[in-house]
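Dear colleague,

Please find below the structure for your records. My notes on its contents follow directly after it.

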Amino acid sequence: MRRIAVLAVLLPILMLVQAGSATAVVSCHHINATGAGQGAPPQAGDPPGLIRTVAQIRGGGLLQGTTEAAFQVTASTPTGIAFAGDITFTTNRGTLSVDLDGTLDLTTGDFRASGDVSGATGKLDGATGTLTLAGVQNLSDPAGSFIETVSGEICVDLGGNGKE
């Protein structure tokens with residue numbers, strides 16, 4: 001009887017200890033941001049045809065900050081090109097990289113690209129999700145200016161767990 005009484009007291013305590021040591025509280029965040037950017041100069045060692053861009057992202061919550069991207073043309077389409085590459089969002093919380101595949105219509109300037117998170121650092125470390133970038137490039141601007149929307153969902157543990 002005494003053993004049952006001890007177990008009855010210890011069991012709830014053990015359950016509280018286990019609950020307190022949970023490793024992550026992942027939450028998902030809807031992204032609905034706007035961006036404005038332009039082409040960026042090539043870097044030493046860039047392969048021929050690599051296209052670089054930079055942009056400022058606003059209203060992005062977790063992703064508000066800047067982007068840098070590098071895209072390679074992968075094919076032609078009836079009215080433009082298909083491309084693939086990486087984009088990195090830099091925020092005050094860390095970085096988030098996404099592998100994108102997309103198209104650019106060379107008659108209208110319309111573009112659309114989407115892809116999955118491929119890496120993250122800082123507070124965004126361990127993030128998962130998918131983003132879509134859609135917008136219009138000003139084809140008459142030598143700087144390659146563009147406006148875009150960034151949408152999708154990013155899931156991440158923002159609780160800390162030692163992340164800087």
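Cys-155 counts as buried because its relative accessibility is 13%, whereas Cys-28, at 44%, counts as partly exposed. Here buried means under 20% relative accessible area, exposed over 50%, and partly exposed in between (1.4 Å probe, protein chains only). The model is a predicted one, in which local features need pLDDT of at least 70 and side-chain atom pairs count only at pLDDT 80 or more, while totals for chains, interfaces and linings use all residues. Residues are numbered from 1 along each chain as its sequence is written, and side-chain values use heavy atoms, with hydrogens and water left out.

These two cysteines, Cys-28 and Cys-155, form a disulfide with their sulfur atoms 2.0 Å apart; the criterion is a pair of cysteine sulfur atoms within 2.5 Å. Cys-28 lies in strand β1 and Cys-155 in strand β8, so the pair ties together parts that are 127 residues apart in sequence. The torsion about the S-S bond of Cys-28 and Cys-155 is about 105°, so this disulfide is right-handed.

Cys-155 is also the bridge partner of Cys-28 in β8. Strands β1 (residues 26-40) and β8 (residues 146-157) pair in the antiparallel sense over 12 bridges; pairing requires that DSSP finds at least two bridges between two strands. Strand β1 also runs antiparallel to β2 (residues 50-58), joined by seven bridges, and Thr-34 has Arg-58 as its bridge partner in β2.

Overall, the protein contains one helix and eight strands, taken as DSSP runs numbered from the N terminus (helices H or I, at least four residues; strands E, at least two). Of its 164 residues, 34% count as buried.

Yours sincerely
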